[in-house]
Amino acid sequence: MFSCDSVNSFDEELERRLAAIRAQGLHRELRRVDSPQGPRIRISGRELINFSSNDYLGLANHPALKAAAVHAVDEFGAGAGASRLVCGSLAPFHELEAALAGFKASEAALTFATGYATALGTITALLGKDDIIIADKLIHACLVDAAKLCGAKLRIFAHNDLNDLEAMLKWADQARRSGAGVRSKTPAILIVTESVFSMDGDHAPLREIAALKEQYGAWLMVDEAHATGLYGMNRRGLAEDLGVSDRIEIQMGTLGKALGASGGYVCGSRALIDFLVNRARSFIFSTAPVPAAAATAMAGIQLVQSAEGAERSRKAWALADRFEHATDALGVGVTAPNGLILPIILGDETKTVEAGTRLREQGFFVPAIRYPTVARGAARLRITLTANHSADDVGKLALALSKTINPQS
Ligand SMILES: *Cc1c(COP(=O)(O)O)cnc(C)c1O
């Protein structure tokens, strides 16, 4: 039986751990927002200009997406009932997946409740302990967790370093050959990267990576969470922009960033999607998202493909140019200066949190990103621009940053 003492010592232990987190400048807390997501949000009774969300095209509070959600609730109800394999698979999910496959020009698509569940389900379905995963150092936590969970040998290559990647592919190919004949199946080698990196905003050299994976007979999985809806002629992502979409076996992305809704997806061959329906545990053993989530994402995809989507994307990129010029002129060092994800790496955790606090005092909400989201000592302000910001918002932010980061100038 639990005594009160053991309960207290449990909380005491957690308090000790929390104190250690605080001492390193790594404590986090939830900030309540009393408004929709948008370029202005209401926190503690104050309106702040919001440079923190991944709602790049400003769709999270768009009337067309809200109407789609309301309509889906009217037609299909509030909840989904069970896993799609158990109680039947509601029509909005099928419509969404057909729209996704069309949008991405792939054979088929499957959606999951979150991007996190997408990575977990997909990688653990495809690979096991005899296989090898070679991943970029800066991939998202969900891909790292998936790689660990699947039990494959995990090798990490230096960020965007093709020589390091090739050295690992050589090693993996050798390991695969030396084990051939011993095992019943040839081990798979999977390369995993993002296209636009979530906390750094830089790009993976996808053409060169695709060439290497072909040379060494590996598979390639690319997470386009921060590129879908933003890059390429049809805004399919960076793979489209670089002309390599059909060389990527597993195209992953999220529905909760530029697409304005929530969820994750995989696009690829019919065989891949059929296999995931049968083997992706985070898909099989999880209640389907509410039908409104699928309908919202569907509306997001339609909007991205429309003339308004093109205009919103153009506007967001024009703001990025404007911000680049303003920060250049003011001497604010942005590490990856020409995207919608704009990191200012300050290094020290406590200093970065203080900079975030000073920006909030001036009316700007900019997150201080710290370990474990980025490496220790690589803390940063992460600014994200959206189509719903104004030129004035961006100019004011640049000025506030220069005062906050270079207070002497
Ligand atoms: C946000 C993100 C995810 C997770 O997606 P969620 O839908 O938020 O769970 C996966 N990969 C990358 C690169 C992301 O930025």
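**Exercise 1.** In this predicted model, determine which residues are in contact with Phe51, leaving aside its neighbours within four places in sequence.

*Solution.* Step 1: apply the cut-off, by which contact means heavy atoms within 4.5 Å. Step 2: set aside the neighbours of Phe51 within four places in sequence. Step 3: list the partners that remain, namely Phe364, Phe365, Val366, Pro367, Arg382, Ile383, Thr384, Leu385, His389, Asp393, Val394 and Leu397.

**Exercise 2.** Describe the largest nonpolar core and state which residues touch the most other members.

*Solution.* Step 1: the core holds 79 residues. Step 2: those touching the most other members are Phe51, Ile134, Leu169, Phe323, Ile383, Leu385 and Leu401. Step 3: helix H11 (residues 291-305) gives the most to this core, contributing 7 residues. Step 4: at least three residues come from each of domain 1 (30-61 + 311-405) and domain 2 (63-304). Step 5: another core, of 31 residues, lies apart from it and includes Ala188, Val192, Ile273 and Ala280.

**Exercise 3.** Characterise the largest pocket by its volume, by the residues closest to its centre and by the make-up of its lining.

*Solution.* Step 1: the volume is about 1600 Å³. Step 2: 47 residues line the pocket, and Arg28, Met199, Ile369, Arg370 and Thr373 are the closest to its centre. Step 3: the lining divides into 21 nonpolar, 13 polar and 13 charged residues. Step 4: at least two lining residues are supplied by each of helix H5 (141-150), helix H13 (349-361), strand S12 (368-369) and strand S13 (379-384). Step 5: domain 1 (30-61 + 311-405) and domain 2 (63-304) each provide at least three residues of this lining.

Definitions and conventions: Residues are numbered from 1 along each chain as its sequence is written. This is a predicted model: local features need pLDDT of at least 70, side-chain atom pairs count only at pLDDT 80 or more; totals for chains, interfaces and linings use all residues. Side-chain values use heavy atoms; hydrogens and water are left out. On a 1 Å grid over the protein atoms alone, a cavity is a set of points where a 1.4 Å probe fits but cannot get out, and a pocket is an open set with protein on both sides within 12 Å along at least five of seven lines; lining residues have an atom within 4 Å of a point. Grid points are joined across faces, edges and corners, and a volume is the space filled by probe spheres set on the points. Helices (H or I, at least four residues) and strands (E, at least two) are DSSP runs, numbered from the N terminus. Ala, Val, Leu, Ile, Met, Phe, Trp, Tyr, Cys and Pro count as nonpolar, Asp, Glu, Lys and Arg as charged, and the others, Gly among them, as polar. Domain bounds come from an automatic or database domain assignment. A nonpolar core is a set of buried Ala, Val, Leu, Ile, Met, Phe, Trp, Tyr and Cys residues joined through side-chain atoms within 4.5 Å. Buried means under 20% relative accessible area, exposed over 50%, partly exposed in between (1.4 Å probe, protein chains only).
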